[in-house]
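Work through the following exercises with the sequence and the model in view. Each task is followed by a solution that goes step by step.

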Amino acid sequence: MYSRGGKKNKRYAETLQIPFIDADYDAEKWFERAKGLEFDPERGERCTMCFDMRMEVTALYAKENGYPVFTTTNATSRWKDIDQVNQSGIKAAQRYPEVQYWVYDWQTQGMTDRKYQISATERFYKQEYCGCAYSLRDSNLWRKEQGMGPIKIGNELSYFEDPEADAEEESQEVVDAFFKTANENFTAKADRKVYAHRVRTADGGGDVNNW
């Protein structure tokens, strides 16, 4: 999936005349750093480790190649905890005085709409889980509880095609429903351990759920 998505992103970058640099795919190192975190919930220590790993490589590349600022598209998804993502970027940038991490609110409605318009126009691959093997396992567990089929991988892939329908899949209502259903329906102890801490409370009150 990394290779498939990377090729599409590279072609899109070329249409915008933006250089595309692939400097961050080391599965062996990722699994080494993930040892002991296999059953961490999404937004837990494993996700922080994953963000740290990518940001560290990006910050180093920026420093070695004269880029004063870097940021990430990881913070565009409402399934992600934007604060968790940004903290990894800030921490990585602090290693190099000449490099800064750009903190920006990518989760506004306008940015979300634009993201899905571009994704549908370019027919980008729709990855229906975070991307790691453990996220795939947990996501398929939830889908099974909901009577849904497993996530399509390999040659059976999903693509962005309809901006409005795609955006609905990431609406706050859908995200909230995911966590509410997960909390109510996962009865096995192991399942509850995986999902128990996926809900965070917003500073302004009420539940805000990110994955």
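## Exercise 1: Salt bridges

Glu-32 is partly exposed, with a relative accessible area of 48%, where buried means under 20% relative accessible area, exposed over 50% and partly exposed in between (1.4 Å probe, protein chains only). This is a predicted model, in which local features need pLDDT of at least 70 and side-chain atom pairs count only at pLDDT 80 or more, while totals for chains, interfaces and linings use all residues. Residues are numbered from 1 along each chain as its sequence is written, and side-chain values use heavy atoms, with hydrogens and water left out.

**Task.** Find which side chain meets that of Glu-32 in a salt bridge, and then examine the salt bridge between Glu-56 and Arg-33.

**Solution.** 
- Step 1. A salt bridge is taken as a side-chain nitrogen of Lys or Arg within 4 Å of a carboxyl oxygen of Asp or Glu.
- Step 2. The partner of Glu-32 is Lys-35, with an N to O distance of 3.1 Å, and Lys-35 is exposed at 55% relative accessibility.
- Step 3. In the bridge between Glu-56 and Arg-33, the closest N and O atoms are 3.1 Å apart. Because Glu-56 lies in helix α3 and Arg-33 in helix α2, this pair ties together parts that are 23 residues apart in sequence. Helices here are DSSP runs (H or I, at least four residues) and strands likewise (E, at least two), numbered from the N terminus.
- Step 4. Glu-56 is buried, with a relative accessible area of 19%, whereas Arg-33 is partly exposed at 28%.
- Step 5. Arg-33 and Glu-56 also belong, together with Arg-95, to a network of salt bridges; the structure holds 7 salt bridges.

## Exercise 2: The nonpolar core

**Task.** Which residues have the most contacts inside the largest nonpolar core, and which helix gives the most to this core?

**Solution.** 
- Step 1. A nonpolar core is a set of buried Ala, Val, Leu, Ile, Met, Phe, Trp, Tyr and Cys residues joined through side-chain atoms within 4.5 Å.
- Step 2. The largest such core has 15 residues, and Met-55, Phe-70, Val-85 and Tyr-101 have the most contacts inside it.
- Step 3. Helices α3 (45-64) and α4 (82-93) each supply at least two residues of this core, and α3 gives the most, with 5 residues.
- Step 4. With contact meaning heavy atoms within 4.5 Å, and leaving aside neighbours within four places in sequence, the residues in contact with Met-55 include Phe-70, Val-85, Ala-92 and Tyr-101.
- Step 5. Apart from this core lies another, of 8 residues, among them Ala-34, Cys-50, Cys-132 and Tyr-134.

## Exercise 3: Helix α4

**Task.** Describe the span of α4, what its buried residues pack against, and the surroundings of Asn-86.

**Solution.** 
- Step 1. The helix has 12 residues and reaches 17 Å from its first C-alpha to its last, close to the 16 Å expected at 1.5 Å a residue; the expected span is 1.5 Å times one less than the number of residues.
- Step 2. At the start of α4, a side-chain oxygen of Asp-81 reaches to within 3.0 Å of the backbone nitrogen of Asp-83.
- Step 3. The buried residues of α4, including Ile-82, Val-85 and Ser-88, pack against α3, β1 (69-70) and β2 (100-101).
- Step 4. Asn-86 is found in this helix and is buried at 7% relative accessibility. Not counting residues up to four places away in sequence, Asn-86 touches Ala-75, Tyr-101 and Val-103.

## Exercise 4: A pair of cysteines

**Solution.** 
- Step 1. A disulfide requires a pair of cysteine sulfur atoms within 2.5 Å.
- Step 2. Cys-130 is in no disulfide, and the structure holds 0 disulfides.
- Step 3. Cys-47 is buried at 9% relative accessibility, whereas Cys-130 is partly exposed at 30%.

Definitions and conventions: Polar contact = N/O pair within 3.5 Å; in protein donor to acceptor, adjacent residues only side chain to side chain.
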